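Notebook open, model loaded. I'm jotting down what I look up as I go.

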Amino acid sequence: MIASTTPLARLSQYDLAIAPALITVLPGVAETLEAYVADGGTFITGYMAGIHDEHDLVVPGGYPGKLRRLMGVWVEEIDALAPGETIEVHGGTVDAKGEIVASIIHREGAERLATYGGDEFYAGHSALTVNAYGKGKAYFVGTPLDETGMSAFMAPIIKELDLKSLDTPEDVSLSVRYGDGGTRYAFLINNSAADKRLCLSELNGGTELLTGTVINDLIELKPYGVDVIALR
């Protein structure tokens, strides 16, 4: 995780930047992201992005505000779905359902990757888009996709960028953070009421800081358990 105000020099070290909740765009951020993508970076954001400025005021002219040129889309409005309500999303390899909100997207240079299904007023509108910007690409996600849909959406991006992905059991999240001294820390969280077991060779040799255990293949997480692993 890095700050939205991360300088271009550091941001350019990453092949892929994902901003799932970039509601507020601070001064200079849009310009940095444009330069990052133009130089070959891949950027992903979506619903609710770019709505507010640094004063927490709504940016006039439609969403996603200062990111509109980069994303190649204009979002006319964002429809809130009722609790438990979903909307179909179809296109390419994606066959999914969205929930919570649905963005009414008008393409301004972006390519459509998927559309909304069903019979509501947004049926047929773009749900997922990609905009070629310079040497890179900017992806816009119009609705929170279910797990199957998000996996299908991300798979070709991961393949194109030749990124290594790590698979964890259902309801287990893994994130890696860097300490000030350069040490990497892996955070494993079991978000379920069931025991979870996993093997990730990338974590072998690391030390679980809460117990002092050195990781050697098998990791067992208790219900709602947390492991913090200092990696070599």
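This is a predicted model: local features need pLDDT of at least 70, side-chain atom pairs count only at pLDDT 80 or more; totals for chains, interfaces and linings use all residues.

**Helix α2**

I started with α2 and listed its buried residues: Val29, Ala30, Thr32, Leu33, Glu34, Tyr36 and Val37. Buried here means under 20% relative accessible area, exposed means over 50%, and partly exposed is in between, with a 1.4 Å probe and protein chains only. Helices (H or I, at least four residues) and strands (E, at least two) are DSSP runs, numbered from the N terminus.

Residues are numbered from 1 along each chain as its sequence is written, and side-chain values use heavy atoms, with hydrogens and water left out.

What covers the buried residues of α2? I found that the cover includes α1 (8-11), β1 (16-18), β2 (42-46), α3 (68-71), β8 (126-133) and β9 (136-141). A contact is heavy atoms within 4.5 Å. After α2 comes glycine 40, and I read a positive phi there, near 115°.

**The loop between β2 and α3**

Most residues other than glycine have a negative phi, and most peptide bonds are trans. Methionine 48 is not a glycine, yet its phi is positive at about 75°. I located methionine 48 in the loop between β2 and α3, and with a relative accessible area of 32% it is partly exposed. Aspartate 56 is another non-glycine with a positive phi, about 65°, and its place is also in the loop between β2 and α3.

Which residues does the cis peptide bond join? I have it between tyrosine 63 and proline 64, with omega about 5°. Proline 64 again sits in the loop between β2 and α3.

**Aromatic pairs**

Next I went through the rings. Rings of Phe, Tyr and Trp (its six-membered ring) pair if their centres lie within 6.5 Å; planes under 30 degrees apart count as stacked, over 60 as edge-to-face and the rest as tilted. By this rule I get 3 aromatic pairs. Tyrosine 116 and tyrosine 122 have ring centres 5.6 Å apart and planes at 50°, so I logged that pair as tilted. Both tyrosine 116 and tyrosine 122 are buried.

Tyrosine 139 and phenylalanine 153 have ring centres 5.8 Å apart and planes at 80°, so this pair is edge-to-face. Tyrosine 139 is in strand β9 and phenylalanine 153 in helix α4 (residues 147-161), so the pair ties together parts 14 residues apart in sequence. Tyrosine 139 and phenylalanine 153 are both buried. I also noted a cluster: ring pairs link Tyr116, Phe121 and Tyr122.

**Glycine 124**

I looked up glycine 124 and found its place in the loop between β7 (111-116) and β8. Buried or partly exposed? At 41% relative accessibility, glycine 124 counts as partly exposed. Leaving out residues up to four places away in sequence, glycine 124 touches Arg112, Thr115 and Tyr116.

**Isoleucine 2**

Isoleucine 2 lies in the segment before α1 and is partly exposed, with a relative accessible area of 31%. Apart from neighbours within four places in sequence, isoleucine 2 is in contact with Arg10, Leu11 and Tyr14. I also took the C-alpha separation of isoleucine 2 and glutamate 76: 29 Å, for 74 residues along the chain.

**Whole chain**

Last, I zoomed out. I count 4 helices and 15 strands in the chain. The radius of gyration is 19 Å, close to the 17 Å that the globule rule gives for 232 residues, so the chain is as compact as a globular protein of that length. That radius is taken over C-alpha atoms, and the globule rule is 2.2 Å times the number of residues to the power 0.38. The C-alpha atoms fill a box of roughly 55 × 40 × 35 Å along the principal axes. Of the 232 residues, 40% count as buried. Among contacts with a separation of 6 or more, 55% are between residues 24 or more positions apart.
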